[in-house]
Amino acid sequence: MKSIVVLNNKGGVGKTTSVVNIAACLAQSGKSTLVVDLDPAASASIHLGLSKDESDVSTLCDYIVNGQKNIQDYIYKTNFINLSCLPSEPSLSEFYDEMLLEQDAGFFLTKEALPQDYKFILFDSPPNMGSLALNALAIADYVLIPVLTQYLALTGLELTLKSVAKVQRRLNPDLKILGYFATQYDRRTRVAKDVLKHLEDRFKKDMFKTPIGINSKLIEAFDARKPIIHKTPSARGAQEYMQLSKEILKLVK
Ligand SMILES: Nc1ncnc2c1ncn2[C@@H]1O[C@H](COP(=O)(O)OP(=O)(O)OP(=O)(O)O)[C@@H](O)[C@H]1O
Ligand SMILES: [Mg+2]
């Protein structure tokens, strides 16, 4: 089992869209995959049809309240082949920090507790470097970084990288950067091309070759509560996420 945190401190860069769609592609390739939703916004859970509002699911919150026993009881099979999810819910945000203050040591989600019977675990993270993101980074094997192809995105990226370096020094020396990939890439604009070139020059072989373009079918897939390869497999977004997942599979054996 290999675990990957999809991380970027900036909001709206495509973390959740990427977690759900990469996970579905890995699962479709025959690799059983678990999405752990660590974002109180619970967008990945909603995308996979496991919203607490719409169905009677237990969440990571319940796992913690109930004393972190039998993590498997909080994991749901989705409607999609080989793909499971440990859902989140909004109350996780206040609740997690409150609970951390009440106990002496460490994070709630431990490496030992992660189920080993998946080939991949993908963590969706919130858009800040709070305790939930730190928990994921402290127990994961890899961090995967989506970057918007806009100039402002580069400043935010530096902050994310500083935090990752700190985690590597203090919490998880085994944490590796799996790589960077461009999201919401608009091929028609000069700025997107310039930023992509900058990223390729800066990160070299750590930059994935497949940028994820802007594709409204990805938004429609979210609205339909399905990964794009199941909603619109012929869409460009589906093909790009499949291509990116193949690159990931080559790196993480
Ligand atoms: N490649 C894309 N093309 C078009 N729309 C996209 C693309 N990727 C993401 N989006 C849309 O952009 C919005 C933000 O994406 P997403 O929720 O994945 O970002 P995020 O980084 O998880 O945000 P947050 O930090 O708030 O959790 C969503 O409405 C999503 O549907
Ligand atoms: Mg998100």
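Author: Start with the make-up of the shell around ligand 1: six residues are nonpolar, eight polar and three charged. In this scheme Ala, Val, Leu, Ile, Met, Phe, Trp, Tyr, Cys and Pro count as nonpolar, Asp, Glu, Lys and Arg as charged, and the others, Gly among them, as polar. This is a predicted model, where local features need pLDDT of at least 70, side-chain atom pairs count only at pLDDT 80 or more, and totals for chains, interfaces and linings use all residues. Residues are numbered from 1 along each chain as its sequence is written, chains are lettered from A and ligands numbered from 1 in the order in which they are written, and side-chain values use heavy atoms, with hydrogens and water left out.

The shell around ligand 1 holds 17 residues (a residue is near if one of its heavy atoms lies within 4 Å). Lys15, Thr16, Thr17, Gly213 and Asn215 are the closest.

Now the polar contacts (pairs of N or O atoms within 3.5 Å). Thr17 places a polar side-chain atom 2.5 Å from an oxygen atom of ligand 1. Gly12 uses a backbone N or O atom, at 2.9 Å from a ligand 1 oxygen. For Asp39, a polar side-chain atom lies 3.5 Å from an oxygen atom of the ligand. Of the 620 Å² of accessible area that ligand 1 has on its own, the protein covers 77% (Shrake-Rupley method, 1.4 Å probe).

Two elements each give two or more residues to this shell: helix 1 (15–28) and helix 8 (216–223). Helix 1 provides the largest share, three residues. Helices here are DSSP runs (H or I, at least four residues), numbered from the N terminus.

Conventions:
A polar contact is a pair of N or O atoms within 3.5 Å; within protein, one must be able to donate a hydrogen and the other to accept it, and residues adjacent in sequence count only if both atoms are side-chain atoms.
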